[in-house]
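User: I am new to this structure. Please walk me through it in short questions and answers.

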Amino acid sequence: MWYIILGAILVIVFRILKENKKQKPLYGPNGSSSSNTNRTIKYIDPLEGIPFPGGDYEIDFSIKGINLNHANLSDVGSFYGYVQSLDDNKYDKYAIAVYSSLGKRYGYLPAGNKEIHEYIKKFGGKLRVKGEIEDREDHLFGLVSIRFDSKILSKSDLYHYATRF
């Protein structure tokens, strides 16, 4: 009689072990949830497709109109963004706007930058830049650095802008 009870217990244990092998584990080998092991997280670069030329020199420009545009204290600090040459600005036919990586307009480069406007157009009208916005007690101040390739636009071509930076 005890053989029958022992046999029944062994059958039950065997079935339980067999069912457990069929179930998916809760966690994968690296400790992550097994339901997420087949998923990949894709980083979306908001500046994807905007060139960042590997130039051999950089020039810093002040950002004009930063206090009149949408910049505020939450924008203070370093940023990556882009500049865009604008053909439809009624105040400056060579206008160059400065944007954050998410498309927030901070302001413009100083007016009349024909050579820089044309340089940016050679790259599709937009270039990646890095910049800085500072809080100067009663106003914001911004600088943006643009990289230039001297084979396309030399420093001497930009020298006459030096007093306007």
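**Aromatic cluster, sheet and loops**

Analyst: One aromatic cluster is formed by Tyr 57, Phe 61, Tyr 119, Phe 123 and Phe 148. The model is a predicted one.

User: How many aromatic pairs are found in a search of the whole structure?

Analyst: Rings pair if their centres lie within 6.5 Å. With the whole structure searched, the number of aromatic pairs is six.

User: Are the planes of Tyr 119 and Phe 148 stacked, edge-to-face or tilted?

Analyst: The ring centres are 5.0 Å apart and the planes stand at 50°. Under 30 degrees counts as stacked and over 60 as edge-to-face.

User: Which elements hold Tyr 119 and Phe 148, and how many residues apart are they?

Analyst: Tyr 119 belongs to helix α2, residues 114-121. Phe 148 belongs to strand β6. The pair thus links distant parts of the chain, and the separation is 29 residues.

User: Is Phe 148 buried or exposed?

Analyst: Buried means under 20% relative accessible area. Phe 148 has 0% relative accessibility, so Phe 148 counts as buried.

User: In what order do the six strands form the open sheet?

Analyst: The pairing is antiparallel. β1 (57-62) and β4 are the edge strands, each pairing on one side only. From one strand to the next, the twist averages 30°. The order is β1-β6-β5-β2-β3-β4.

User: What is the bridge partner of Val 98 in β4?

Analyst: Strands β3 (residues 96-100) and β4 (residues 105-108) run antiparallel and are joined by three bridges. Ala 97 stands opposite Tyr 108 in β4. For Val 98, the bridge partner is Gly 107.

User: Which residue takes a positive phi in the hairpin of β3 and β4?

Analyst: Four residues lie between the two strands of this hairpin. One of the hairpin's residues has a positive phi near 90°, and that residue is Gly 103.

User: Is Glu 137 buried or exposed?

Analyst: Glu 137 lies in the loop between β5 (126-135) and β6 (140-148). Its phi is near 60°, a positive value in a residue other than glycine. Exposed means over 50% relative accessible area. Glu 137 reaches 81% relative accessibility, so Glu 137 counts as exposed.

User: Where does the charged end of Arg 136 sit?

Analyst: The charged end of Arg 136 is 4.0 Å from the centre of a ring. Arg 136 sits over the ring of Phe 141.

Definitions and conventions. Residues are numbered from 1 along each chain as its sequence is written. This is a predicted model: local features need pLDDT of at least 70, side-chain atom pairs count only at pLDDT 80 or more; totals for chains, interfaces and linings use all residues. Side-chain values use heavy atoms; hydrogens and water are left out. Two strands pair if DSSP finds at least two bridges between them. Axes are lines fitted to C-alpha atoms, for helices over the stretch in contact, and angles run from 0 to 180 degrees between N-to-C directions. Buried means under 20% relative accessible area, exposed over 50%, partly exposed in between (1.4 Å probe, protein chains only). A charge sits over a ring if NZ of Lys or CZ of Arg is within 6 Å of the ring centre and within 35 degrees of the ring normal.
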